[in-house]
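Me: I would be grateful for a close look at a single helix of this chain and at what surrounds that helix.

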Amino acid sequence: MARIVTDEDIRRYDRVVESYIRNYVVKNWNEATADKRNGTTLLGNSGHTVDDIRQHLQGEVFIALTKYNPDYRTKDGRSVKESTFVFEHLFNRVGQLMKRLTKKQYGLIVTGK
C-alpha cells in the first residue's frame, strides 16, 4: 500500500531543503541568497530562481517519502531511518541538479539583440 504524504510531512524537512540551498546553490552563484524574500533572483543563465530550486527539492522530498520502505534492511540487517533516507535522496538529487544547471551545455540559450 502506498504511503499518503501530507504537507506536514514535507514541511518537516524544510530545514534540510534550506541547508542544501545554502550549501550547494548559494555557494555556486554570486547573485543567489538563501533568504526566502529574495528567492526570485535568476541564477545566471540557468533560467531558474532559488524559489524554483526550493520547489524542486520539496518535490524530491515528496518522492523520497513515497519511496521510503520502513521494512527495508541493509545487507547487515540494519534498518534505515526515514530522515537518513530523505537526506541521502536529496544529496543525490542535488548533485544531479547542480551538474545539470552549472554545465554550459545545459544552460539556457538566450538569442536576440
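Reply: Along the sequence, the chain follows the pattern α-α-α-α, with helices (H or I, at least four residues) and strands (E, at least two) taken as DSSP runs numbered from the N terminus. The model is predicted, so local features need pLDDT of at least 70 and side-chain atom pairs count only at pLDDT 80 or more, while totals for chains, interfaces and linings use all residues. Residues are numbered from 1 along each chain as its sequence is written, and side-chain values use heavy atoms, with hydrogens and water left out.

The 21 residues of α4 should span 30 Å at 1.5 Å a residue, and the end C-alpha atoms of α4 are 30 Å apart, which agrees; the expected span is 1.5 Å times one less than the number of residues. In α4, the residues E82, V86, H89, L90, V94, L97, M98 and L101 are buried, that is, under 20% relative accessible area (1.4 Å probe, protein chains only). These residues cover an arc of only 160° around the axis, which puts them on the same side of α4; the arc is that of the directions from the helix axis to the C-beta atoms.

The cover over these buried residues includes α2 and α3 (50–67). Helix α2 (residues 14–25) packs with helix α4 (residues 82–102) at an angle of about 35°, their axes being 11 Å apart; axes are lines fitted to C-alpha atoms, for helices over the stretch in contact, and angles run from 0 to 180 degrees between N-to-C directions. V16, V17, Y20, Y24 and V25 of α2 and F87, L90, F91, V94 and M98 of α4 make the contact, which means heavy atoms within 4.5 Å.

Conventions. Buried < 20%, exposed > 50% of the residue type's maximum accessible area, 1.4 Å probe, protein only.
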